[in-house]
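Please look over the structure below before reading on. The briefing that follows takes the chain as a whole, then its domains, then some of its strands.

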Amino acid sequence: MANVKPSIPKGTRDFTPTEMVRRNYILNTIRSIFEKYAYLPIETPSIENLSTLMGKYGEEGDRLIFKILNSGDFLANVDLGNKTAQQLTPLICEKGLRYDLTVPFARFIVQHQNELIFPFKRYQMQPVWRADRPQKGRYREFYQCDIDVIGSNSMLNEAELIKITDEVFNAFKLDTVIKVNNRKILSGIAEIISEPDKITTICTAIDKLDKIGREGVLNELKDNGLTDSSINKLMPFFDFSGTNEQKLDFLEKMFINSEIGRKGIDELRSMLSYVDALTISTPVEIEFTLARGLNYYTGAIFEVKCKQVAMGSVAGGGRYDDLTSIFGLKNMSGVGISYGAERIYDILLECDGFPTSLTTPIKVLFINFGKKEELYALQAVQQLRNANITCELYPDNVKIGKQLNYANNKAIPFVIMAGENEIKENCFTLKNMQTGEQKKVTITQLLEYKL
RNA sequence: GCGAUCAUAGCUCAGUUGGUUAGAGUGCCGGAUUGUGGUUCCGAAGGUCGUGGGUUCGACUCCCACUGGUCGCCCCA
């Protein structure tokens, strides 16, 4: 067989044991917080019907969904004609890899509505796939940690998600800021500058404010057909700064003629009053220019940025009033937030934030001295394992130096040697690999020893 | 989908205006040291210089194409 050069697809990664220990630490930390707040786990398949996924993430999103070629003779009954790739895709692919966890969740809700208890609080930590061009902090396969409450309109849910976010990033000792806004405020802005139809354009443009600057945003708005007078009316929103309270007061004056805008203010006020009651240490800042690209958001929107490291957001979410209606279930408002496990990993790595205790879980290595000694060692191995001490016996009778080196490389703190002498005396030689100190102990002493 | 940049030993990287047999560090293997490692010393193995073409007496080096990595744009965790 020809030699195959080992490689994995662009934007995907292998994880070594060291990396997995750290990833599990992140996922376990997040999971335990989710569970403390009474969220329950679900899982959904990696692949969904393409009809479930398409059209939910905007045009760009559709392009970034990995599509799966139909099995068998996928060209049977397909008239190739002069079709473009886009026209051909739905004819030869009916499944795709999930793009996020929120849309499959909406599908799940509708499909299982009779078995679930509402309001339904769920968490879900699974990989998602995007056919994006990989770059810093961006992969084609990555884990999202989603948490959502569906079937409740209360702002208590928004506040709870903010509290959970606070707790999650405190657990990782990361210095973050939670940016909040409300889609209704953005609708209000679009309304009072008399461009209510251009809401999406306005959102995506002003979302880039801190990236391309004010000039860039203005140019983009102009390119997308906004009139100069509309853009002029938009200017005050960019300029205003102050406390959350000052921002809300400012908006209140601006929104005298916008009912939807005033609704947005009410929601934000209500949400923030709950937040105040929850004692949150992370700063929560209103930012009118926060928009977020996903077009299913209708109310609150959140985004979490890490102040220590320049990278995209580490979490994002919002309220969606109508996501389940495309699957046939109306009046089912939900709100959720998604934490990016990979980005948290990259940030912790960059700022040396992993706990030092995250080393190998292996406590003891038994040195292999030969056939007879193996059997002697194995009995002790069993007893240590029964006492819940992680240990292993080196499988081959090779030179001691090599076996000790193996312990060093795996950062195993203790080594046990049991050869002819020890068998005679019915004991074990326990060696501390850090200090080099070693002493003879009985099996009872071994089990009592703090390993 | 668009752009920039890079590709030499398992890993990190040198390699002169284009010139004989492509180097170092580290790791791996063996030995000094057959029941004692992380230090030291000695030795050995390891390369189609990303792939394919072109220029040249001669290419790791120059040119073109492709592939892959990284980083930006779009979009996003």
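**Overall form of chain A**

Chain A has a radius of gyration of 29 Å, whereas a compact globule of 451 residues would have one near 22 Å. The model is predicted. Along the principal axes, the C-alpha atoms of chain A fill a box of roughly 95 × 60 × 50 Å.

**Domains**

- The domain assignment divides chain A into domain 1, residues 17-350, and domain 2, residues 360-448.
- The centres of domain 1 and domain 2, taken over C-alpha atoms, are separated by 52 Å.

**Make-up, burial and contacts**

- Chain A contains 17 helices and 16 strands.
- Of its 451 residues, 49% count as buried.
- The accessible surface of chain A is about 23,200 Å², and carbon and sulfur atoms account for 50% of that surface.
- Among contacts in chain A with a separation of 6 or more, 69% are between residues 24 or more positions apart.

**The sheet of β2, β4 and β3**

- Three strands make up an open sheet, in the order β2-β4-β3, with antiparallel pairing.
- Its edge strands are β2 (47-49) and β3 (67-69), each of which pairs on one side only.
- From one strand to the next, the twist averages 45 degrees.
- Strand β2 and strand β4 (residues 93-97) run antiparallel and are joined by three bridges.
- Within this pairing, Asn-49 has Lys-95 in β4 as its bridge partner.
- Helix α4 (residues 85-92) packs on the sheet and touches β3 and β4; the direction of α4 makes about 95 degrees with that of β4.

- Strand β15 covers residues 428-432 and strand β16 covers residues 438-441; the two pair in the antiparallel sense over four bridges.
- Opposite Leu-430 stands Lys-439, a residue of β16.
- Five residues lie between the strands of this hairpin, where Gly-436 takes a positive phi near 85 degrees.

**Questions to check against the structure**

- Which residue of β16 does Leu-430 stand opposite? The residue is Lys-439.
- Which strands does helix α4 touch as it packs on the sheet? Helix α4 touches β3 and β4.
- How many bridges join β2 to β4? Three bridges join them.

Technical notes
Residues numbered from 1 in each chain as written. Chains lettered and ligands numbered in written order. Predicted model: local features only at pLDDT ≥ 70, side-chain atom pairs only at ≥ 80, totals over all residues. Heavy atoms only, no water. Pairing = 2+ DSSP bridges. Axes fitted to C-alpha atoms, helices over the stretch in contact; angles between N-to-C directions. Contact = heavy atoms within 4.5 Å. Rg over C-alpha atoms; globule rule 2.2 N^0.38 Å. Buried < 20%, exposed > 50% of the residue type's maximum accessible area, 1.4 Å probe, protein only. Areas by Shrake-Rupley, 256 points an atom, 1.4 Å probe, with all protein chains shown as cover. Domains from an automatic or database assignment.
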